[in-house]
Amino acid sequence: MATYPSDIEEIPGFMDWFVGEPAASRGEPAESVEVHGFGCSFSRSLTEEERAEVLDFLRSHVDPYKEYRLIGTLSLPLAEISMERIDEIRTVARGIEVAGGHGGRWLSLESRVILCFGTRREAAEKKLETLGPRVYGRRIVDSDGECLLIGQLQIPLREDLGTSAEVERYIALARKEIGDDEFEAPPRFLAELSMLFDERAAAEAMRPRFGAIGLGTKVVEEIHKMVRSTVVAWQQAWLVTSGRVEELMRPGVLSTAGFLGEAERLGDVLKEDASTLAALGVTPADVAGRIREIVRAALGSRKREWEEGGDVIGRFRVRLRHWGGYQRCPWLCTSNTAWGSFDFMIENRRTGAKLEGPGLIVHLIAEHGFFEGKESPYRVDPRHAAEVLGLPRTFWDRLLRR
Ligand SMILES: [Zn+2]
């Protein structure tokens, strides 16, 4: 349950929802609430009405996605774990799966190891570095003033994944890897058998079967992961319509590098670039149109890629680098995805000056007058762009179609 702000996963930006990962360093939220186990923390920039709107949306969308996880755990010192005990759990897990008709989904069986270092964080960090591939997904957690090193054991616990002899060998290898460093308590082995149900009653009904093999049991309410994408899509659209598109432009939200730096203001960037261009006697449409014209010719020829020198288009040389995915416009326009999936480099053959940028910039400049923030690696500086592209075009340029 998300009781503390630190339990709530944040989406970088001003408004942070979801339970799970640790909070990013965006300062204290104005309010943290829980909607059916779904964390939601509000920044100070939201009004009361806006918070109410967000909560209404969450309440109406979280309910249908509720599910119940039955968890059975076995915890004992790693040295005491026996193959008989593991086999007992595997057999029951297999039996549940084979029987079917139990109303549950996604039965999973995992094992972890916990190394306790007391207050010796340094020792835990040292151990973290030296552990080999038998223990993966490892991390250090602080629990009641104690420093614990937790890792997943790469042991094929499911019956269909490995024989008892194989599991035994894996355990021996894991024990060897963990070694006998100085721990505050013997390394613990934790096996977890878990299963998802749509109804709490169905999870409770299965509980005795987990209990019968000596597992500690509990039923936890969860929200299906799918709700996340629904909420994120709604949140993004809401940010645009409520005039907060800036939040979508920060690094790590729609793109890793971001359209704006952490502290840059969209209004300032737009204003400054507009006046730079105006002073040159160039419009955003001129810049976008010129890039579009040159790049389109290169796209049409499809001759060569970036590494091979590119295409000569009039007085320019153009190189394109295509990517697998595509970048969406932060205003969420239904834009042409083809232009969001490549970067270009236009070289003025006469001066040797080069202009690099993403294909999406044509849309951003033409529709939004946006050249990206000064801290963005994808920024196309308007003054430099005009210089490379030969803008404004003279009467003779137009006449000679240069
Ligand atoms: Zn757009």
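Biologist: Where do helix H9 and helix H11 come within 10 Å, and at what angle do they cross?

Modeller: In this predicted model, H9 covers residues 284-301 and H11 covers residues 382-389; their axes come within 10 Å and cross at roughly 50°. Because of that angle, H9 is oblique to H11. The crossing of H9 past H11 is left-handed.

Biologist: Which residues of H9 and H11 meet?

Modeller: From H9 come Val-287, Arg-290 and Ile-291. On the H11 side they meet Pro-382, Ala-385, Ala-386 and Leu-389. Sorted by class, this contact of H9 with H11 has six nonpolar residues, one charged and no polar.

Biologist: At what angle do helix H8 and H11 pack?

Modeller: H8, residues 266-280, packs with H11 at about 35°, and the two axes are 9 Å apart. H8 supplies Asp-273, Thr-276, Leu-277 and Leu-280, which meet Pro-382, Arg-383 and Ala-386 of H11. The contact of H8 with H11 divides into four nonpolar, one polar and two charged residues.

Biologist: Let us turn to strands. What is the general idea for side chains in a regular strand?

Modeller: They alternate between the two faces of the sheet. For a case of pairing here, take strand E10, residues 311-313, and strand E11, residues 316-322: three bridges join them in the antiparallel sense. One of the bridges links Ile-313 to Phe-316 in E11.

Biologist: How many residues lie between E10 and E11 in their hairpin?

Modeller: Two residues lie between the strands of this hairpin, and Gly-314 in the turn has a positive phi of about 60°.

Biologist: Which strand is joined to E11 by seven bridges?

Modeller: Strand E12, residues 342-348, which runs antiparallel to E11. Phe-316 has Asn-348 in E12 as its bridge partner, while Phe-316 is also the bridge partner of Ile-313.

Biologist: What pLDDT does the protein average, and where does the score stay under 50?

Modeller: The average pLDDT is 84, and 88% of the residues score at least 70. Over residues 1-14 the pLDDT stays under 50, and the model has 46 contacts beyond four places in sequence for that stretch. Residues 17-25 are also below 50, with 24 contacts in the model beyond near neighbours in sequence.

Technical notes:
Residues are numbered from 1 along each chain as its sequence is written. This is a predicted model: local features need pLDDT of at least 70, side-chain atom pairs count only at pLDDT 80 or more; totals for chains, interfaces and linings use all residues. Axes are lines fitted to C-alpha atoms, for helices over the stretch in contact, and angles run from 0 to 180 degrees between N-to-C directions. Helices (H or I, at least four residues) and strands (E, at least two) are DSSP runs, numbered from the N terminus. Angles under 35 degrees count as roughly parallel, over 145 as roughly antiparallel, 65 to 115 as roughly perpendicular and the rest as oblique. A crossing is left-handed if the near helix is turned anticlockwise from the far one by less than a right angle, and right-handed if clockwise. Two residues are in contact if their C-beta atoms, placed from the backbone, lie within 7 Å. Ala, Val, Leu, Ile, Met, Phe, Trp, Tyr, Cys and Pro count as nonpolar, Asp, Glu, Lys and Arg as charged, and the others, Gly among them, as polar. pLDDT is the predictor's confidence in each residue, from 0 to 100. Two strands pair if DSSP finds at least two bridges between them.
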